[in-house]
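Here is a friendly walk through one protein chain, with the structure open beside the text. Turn the view as you read and look up each residue as it comes along.

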Amino acid sequence: MNDQNNILLGPAFKSFPPQAWNTTAQDFLKTRPRLSSFQTPILTLDRKALDHNLQSMMLWCKEVGLQLAPHGKTTMAPQLWKEQLEAGAWGITLATIWQVQFARSVGINRILMANQLIDPVGLEWVAGELLRDASFDFYCWADQIEQLELMSTVFGAAHTDRPLKVIVELGASEGRTGARTPEAAYELALAIDKAPGLQLAGVGGYEGVLSRDRTPAGLARVSAYLEALCGLHRRLNEEGLYRSSALLTVGGSAFFDLVAAHCAPVADPSGHFGTPTTVLLRSGAYLTHDSGHYAEISPFEQPGATQTLKAAIHGWTRILSNPEKDLCIIDAGKRDLPYDFDMPKPQVLLNKHREGPAADISSNQILKLNDQHGFMKGESLPIGSVVRLGLSHPCTAFDKWRLVPVIDDADQADPEVVDFVQLFF
């Protein structure tokens, strides 16, 4: 794993203070810096909340009988991947062949690429890596026959000992990739079974694209899809198409309760009812959670949930200007914060000297973001004061930063910076 403690700090790392330049991250941490020493805008992670979320998700997976391969594209942070694996994750999910290659460079041995792999350069690299390292366990997806032809161009008879493990992806109408019907997916599975150098390894898909809410209609669409996915797996299993073991893998951080309800009964790690089967969840946003989309839709936010998640990611911004009544301009924009699902949410106001309790400003609202500015409507706030923002959709927060401070407690007026997380996008 990469050791971010040896990073030489400098102005290449956005919003880091000049007094940290030309020192290593480890040496700077020894000075016990406070968040107030950093410039704004800044993104932070909350150590207490991260630890809570790590444990909550793994405990829940154990309770319901699922394995977890967190989606690493959310953070692209080897340090956080390592924490997830040490907490008990089965492996790491990734989305592109470059992400897979990077993960291999930092020592990740079990990778599910939740995507089709047809790039010839990438296929050649995977073939070589499988032959080079017997511990490398790799899976990718297919949803059309033409993809198998491209895979078999690289993986042929010479790779029967180390075949490419392929997951049949079942999609849905108006979804993303994935065979559009169980019958089409079944025919594809038969073709994988006959293709030289390929091994049918299971079935998979992504239910999150089917609904952005938990309305009865949305939940019904997701449930119907999961039932179809399980039915496809049972058919392949009963017909003996799996050679050694099988995965049934479903993703997302929004409906994993439905995944447990519909798919957990398929789990059969000992193979009592056919091929040993692992049901694998690919949630990625649970680690940081958020204060927007997932705070509303996550199963752990619903009545009766046995576990909880805490928002571990925040933005911190400064009031630059009060050019009009009830309008504040902040120094954070699209280059700093996610905005694709929801606008950032003002939470608390810290006074200039970070003394006394923070003021609740949740009635204020971010109207829009420019590249480097935000427009906040509501109570007029003093120029120079700092606002903590809740964020929505962590997947589009991390990619705007290279090195993120980890603080001890985001609820403190001036949290201590206890670590850094390096990101690779």
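Let us begin with Arg 388, which sits in strand 16 (residues 386–390). Please keep in mind throughout that this is a predicted model. Is Arg 388 buried or exposed? Arg 388 is buried, because its relative accessible area is 10%, and the cut-off for buried is under 20%.

Leaving aside neighbours within four places in sequence, Arg 388 is in contact with His 314, Gly 315 and Trp 316, with Lys 345, Pro 346, Gln 347 and Val 348, and with Ala 410 and Asp 411. For a sense of distance, pick out Ala 172 as well: the C-alpha atoms of Arg 388 and Ala 172 are separated by 40 Å, and the two residues are 216 apart along the chain.

## Helix 9 and its two partners

The axes of helix 8 (residues 216–238) and helix 9 come within 10 Å of each other and cross at roughly 40 degrees. That makes helix 8 oblique to helix 9, and the crossing is right-handed. On the helix 8 side, the contact is made by Leu 219, Val 222, Ser 223, Leu 226, Glu 227 and Cys 230, while helix 9 brings Leu 258, Val 259, His 262 and Cys 263. Sorted by class, this contact has 7 nonpolar, 2 polar and 1 charged residues.

How does helix 2 (residues 47–64) pack with helix 9, and at what angle? Their axes are 11 Å apart and the angle is about 20 degrees. That makes helix 2 roughly parallel to helix 9, since angles under 35 degrees count that way. Helix 2 also passes helix 9 in a right-handed crossing. Here Met 57, Trp 60 and Val 64 of helix 2 meet Phe 256, Asp 257 and Ala 260 of helix 9. The contact of helix 2 with helix 9 has 5 nonpolar residues, no polar ones and 1 charged residue.

## Ser 211, a buried loop residue

Ser 211 is found in the loop between strand 7 (198–205) and helix 8. With a relative accessibility of 5%, Ser 211 counts as buried.

Apart from neighbours within four places in sequence, Ser 211 is in contact with Gly 218, Arg 221, Val 222 and Phe 255. Val 222 also takes part in the contact of helix 8 with helix 9. Phe 255 lies 44 residues from Ser 211 in sequence, yet the C-alpha atoms of the pair are 9.4 Å apart in space.

## The nonpolar cores

Which residues touch the most other members of the largest nonpolar core? Phe 138 and Leu 164 do, in a core of 127 residues. Not counting residues up to four places away in sequence, Leu 164 touches Leu 123, Val 126, Phe 138, Cys 140, Met 151, Phe 155, Gly 197, Leu 198 and Gln 199. A second, separate core has 10 residues, among them Leu 112, Ala 201, Leu 247 and Leu 280.

## Helix 4 and what it packs against

In helix 4 (residues 97–105), the buried residues are Ile 97, Gln 99, Val 100, Phe 102, Ala 103 and Arg 104. They pack against helix 3 (78–86), strand 3 (92–94), strand 4 (110–116), helix 5 (120–132) and strand 5 (137–142). Following helix 4 comes Gly 107, with a positive phi near 95 degrees.

## Backbone features worth a look

Most residues other than glycine have a negative phi, and most peptide bonds are trans. With that in mind, look at Ser 15, which is not a glycine but has a positive phi of about 75 degrees. Ser 15 lies in the segment before helix 1 and is buried, with a relative accessible area of 11%. Met 76 is likewise not a glycine and has a positive phi, here about 45 degrees. Met 76 is found in the loop between strand 2 (67–68) and helix 3, and its relative accessible area is 0%, so Met 76 is buried.

Finally, two prolines. Thr 40 and Pro 41 are joined by a cis peptide bond, with omega about 0 degrees, and Pro 41 is placed in the loop between helix 1 and strand 1 (42–46). Pro 18 belongs to the segment before helix 1 (25–30) and is partly exposed, with a relative accessible area of 43%.

Note on methods: Residues are numbered from 1 along each chain as its sequence is written. This is a predicted model: local features need pLDDT of at least 70, side-chain atom pairs count only at pLDDT 80 or more; totals for chains, interfaces and linings use all residues. Side-chain values use heavy atoms; hydrogens and water are left out. Axes are lines fitted to C-alpha atoms, for helices over the stretch in contact, and angles run from 0 to 180 degrees between N-to-C directions. Helices (H or I, at least four residues) and strands (E, at least two) are DSSP runs, numbered from the N terminus. Angles under 35 degrees count as roughly parallel, over 145 as roughly antiparallel, 65 to 115 as roughly perpendicular and the rest as oblique. A crossing is left-handed if the near helix is turned anticlockwise from the far one by less than a right angle, and right-handed if clockwise. Contact means heavy atoms within 4.5 Å. Ala, Val, Leu, Ile, Met, Phe, Trp, Tyr, Cys and Pro count as nonpolar, Asp, Glu, Lys and Arg as charged, and the others, Gly among them, as polar. A nonpolar core is a set of buried Ala, Val, Leu, Ile, Met, Phe, Trp, Tyr and Cys residues joined through side-chain atoms within 4.5 Å. Buried means under 20% relative accessible area, exposed over 50%, partly exposed in between (1.4 Å probe, protein chains only).
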